[in-house]
Amino acid sequence: MKVLVPIKQVIDANVRPRVKADGTGVDLANVKLSINPFCEIAVEEAIRLKEKGKASEIVVVSIGPAKAQEIIRSAYALGADRGLFVETEERVEPLAVAKVLQAIIAAEQPGLVILGKQAIDDDSNQTGQMLAGLLGWPQATFASKLEVDGDRATVTREVDGGLETLALTLPAIVTTDLRLNNPRYPTLPNIMKAKKKAIDVKKPEDFGIDITPRLKVLKVSEPPARKPGIKVASAEELVKDLKAAGVL
Ligand code: AMP
């Protein structure tokens, strides 16, 4: 079974994002960019399926500006077999990504697609769901456990009240939650090997897909500064203050 893993390059999770002075977006100049943490978990899960003999090939796909090709190499260093990069300098929204992925899936015919539950730049949490809708495939989002047996997958997912277990018929879409696994670190020899591996580069036009944004960003602003907290001397004082603030 072939596993397709869509991955996105985002501002590194340890970097504090800064809004551009003109309020048009987040400043990405000279900022460390990395593979989205949920996508890294998706790559790790695909590798574990391959190690268990459940997957035969791992294909990673990314859509983004030329610089984002780096994350295909990061995925190679972890263990991905083949990478497809769709280059565009245009801002890509989840629906456009889902349409490009739909076209790639039609050609690649994977048995399973594992995406991150969300990309930590826009926090959209939409692409996997939209892709499942476009394909008419079963989906299990926010997976914390994934088991594959023949043409069936069992997914435990994190929901508000606890855990839910779903049985899916493959091909299907799964999106990863934080507790699915702990991604491995790449080894130095694998990082070196990854540098030499070929990447198949395409453009959105090659798939006949119009990726023109449908959403208009009106303004991006910093969150309001939080007021400093206060220390109370006792539980009684806390209750009194909460009552005075109308919370209790
Ligand atoms: P989002 O819906 O933007 O929060 O992203 C959810 C997941 O969709 C990500 O974790 C990726 O697996 C996939 N994805 C989103 N944008 C892209 C992109 N530009 N290229 C490849 N995969 C993407």
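Analyst: Gln109 counts as exposed, with 59% relative accessibility; the cut-offs here are under 20% relative accessible area for buried, over 50% for exposed and partly exposed in between, using a 1.4 Å probe and protein chains only. Keep in mind that this is a predicted model, where local features need pLDDT of at least 70 and side-chain atom pairs need 80 or more, while totals for chains, interfaces and linings use all residues. Numbering runs from 1 along each chain as its sequence is written, and side-chain values use heavy atoms, leaving out hydrogens and water.

Back to Gln109: its phi is near 55°, a positive value in a residue other than glycine. You'll find Gln109 in the loop between α3 (94-108) and β6 (112-116); helices (H or I, at least four residues) and strands (E, at least two) are DSSP runs, numbered from the N terminus.

Phe142 also has a positive phi, near 55°, and again isn't a glycine. Its setting is strand β7, residues 139-149, and Phe142 is partly exposed at a relative accessible area of 21%.

Over on helix α5 (residues 188-196) sits Met192, partly exposed at 43%. Together with Leu188 and Ile191, Met192 makes a nonpolar surface patch of about 280 Å².

Now zoom out. The protein comes to six helices and 11 strands, and its C-alpha atoms fill a box of roughly 65 × 45 × 40 Å along the principal axes. Of the 248 residues, 41% count as buried. The protein exposes about 14100 Å², with carbon and sulfur atoms supplying 53% of that; these accessible areas come from the Shrake-Rupley method with a 1.4 Å probe.

As for who touches whom, take the contacts (heavy atoms within 4.5 Å) between residues at least 6 apart in sequence: 69% of them join residues at least 24 apart.

How values were computed:
Patch = residues over 30% accessible without salt bridge, like charges linked within 9 Å, V, L, I, M, F, W, Y side chains within 5 Å. Salt bridge = Lys/Arg side-chain N within 4 Å of Asp/Glu carboxyl O.
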